[in-house]
Amino acid sequence: MDNARGATLAELAELVGGTLRGDGSLRITAAKPLNEANAGDITLIDQPERIAQLNATAATAVLVPRQIEYAGRPSISVDNAHESFRIIFARLHPPRQRSRIGIHPTAIISPTAKIAEGVDIHPHANLGDDVEVGPGSTIHASVQLMAGCRIGRDVTIYPNVTLYENCLIGDRVTIHSGVVIGAHGFGYTSVDDRHEPAAQLGHVVIENDVEIGAGSKVDRGTYGSTRVGEGTKIDNLVQIAHNCKIGRHNLICAQVGIGGSSSTGDYVVLAGQAGLRDHVHIGAHAVVCGMSGITNDVKEQTIMLGLPATTEREQKVRLAAISKLPELRREMRVMRRTIQELQQLLGHSVVPQPAPHDHAA
């Protein structure tokens, strides 16, 4: 297959192990979503409801799940449409290969730093005293690695990342632009009517296979470590405060804020804009829904929703009750009018009156 000229539909079907329907000799030059697809492109549908949208596009071919019956334009049926589309996209739009550059002459590297074989250090990166960088890692432009930081093997740190002193980064970690790791936590004590900073003597540990999205922050521990567990994926603009312990394989979505000394078990999901107060624990496999506020510990395998958050079932009961308030208000008005009409008809109030006080005593 020639990247420059795309691929035939038959070649793409073979690539993903799919079932070809239609002319396999058609040449496909790009993979695009429904709203962008044109002639020469292959697109994707993952639900039957999207067939109508497909009919409005000029796409040459379509990738469909096997369970969807489709008899329109040429297609490839597969077991996992999104995974197959990812493979086809990578085939038709291969990522640009980064050339190895070694150590750029404008990088500033302490004489006591230890750089392993196969490391790339891009322009204006700054590596402090006793920094260690493992083999195969890439330090992009203007990254600041302060004294004592240790970087594992095959780590990628994108431009303008700052690691404060003594941060420990595991293997195969990806840190995107603008991340700050190891900044001082937001901790103060009031002394003589002044806010004095608490100790900021700890460090940060990022375990293997973690990815941290752009603009996120992980504060250092007060005395010990702030830790992010193996395989955890952190979205953009996430705040993890001092002394937190994040479990393995968590998914932490954009704009989540985690208060100091909080912790999570393994496989926890924190959806967008969720907030955790300090000193709470989220049990393994729990889910905190978007914009929820956690004020107490959460048990394992629990779904939490709302502000303040309760279990999903309890919150849905509350929301259902709130949704009926307008109807209840209308019913109350009708009841009030009915009572008034009965009062007029009977000539007196039908509402029981309180008994008069006995003044005989």
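Contact, in this tour, means heavy atoms within 4.5 Å. Helices (H or I, at least four residues) and strands (E, at least two) are DSSP runs, numbered from the N terminus.

The model is predicted: local features need pLDDT of at least 70, side-chain atom pairs count only at pLDDT 80 or more, and totals for chains, interfaces and linings use all residues. Residues are numbered from 1 along each chain as its sequence is written, and side-chain values use heavy atoms, with hydrogens and water left out.

**First stop: helices α1 and α3**

Select residues 9–16, helix α1, together with residues 81–92, helix α3. Two packed helices are described by the angle between their axes and the distance between the axes. Here the axes come within 10 Å and cross at roughly 125°; axes are lines fitted to C-alpha atoms, for helices over the stretch in contact, and angles run from 0 to 180 degrees between N-to-C directions. The two helices α1 and α3 are therefore oblique to each other, a term for what remains once angles under 35 degrees (roughly parallel), over 145 (roughly antiparallel) and 65 to 115 (roughly perpendicular) are set aside. Display the side chains next: Leu12, Leu15 and Val16 of α1 meet Ser84, Ile87, Ile88, Arg91 and Leu92 of α3. By class, this contact comprises 6 nonpolar, 1 polar and 1 charged residues. In this classification Ala, Val, Leu, Ile, Met, Phe, Trp, Tyr, Cys and Pro are nonpolar, Asp, Glu, Lys and Arg are charged, and the others, Gly among them, are polar.

**Second stop: strand β7**

Move to residues 75–78, strand β7. Strand β6, residues 61–65, runs parallel to β7 and is joined to β7 by 4 bridges. Centre on Ser75: this residue is the bridge partner of Arg21 and also of Val62.

Select Asp120 in strand β10, residues 120–121. Asp120 is buried, at a relative accessible area of 5%. Beyond four places in sequence, Asp120 touches residues including Ser99, Arg100 and Thr138. Finish on Thr138 in strand β13, residues 138–139, which is buried at 10%.

Note on methods
Buried means under 20% relative accessible area, exposed over 50%, partly exposed in between (1.4 Å probe, protein chains only). Two strands pair if DSSP finds at least two bridges between them.
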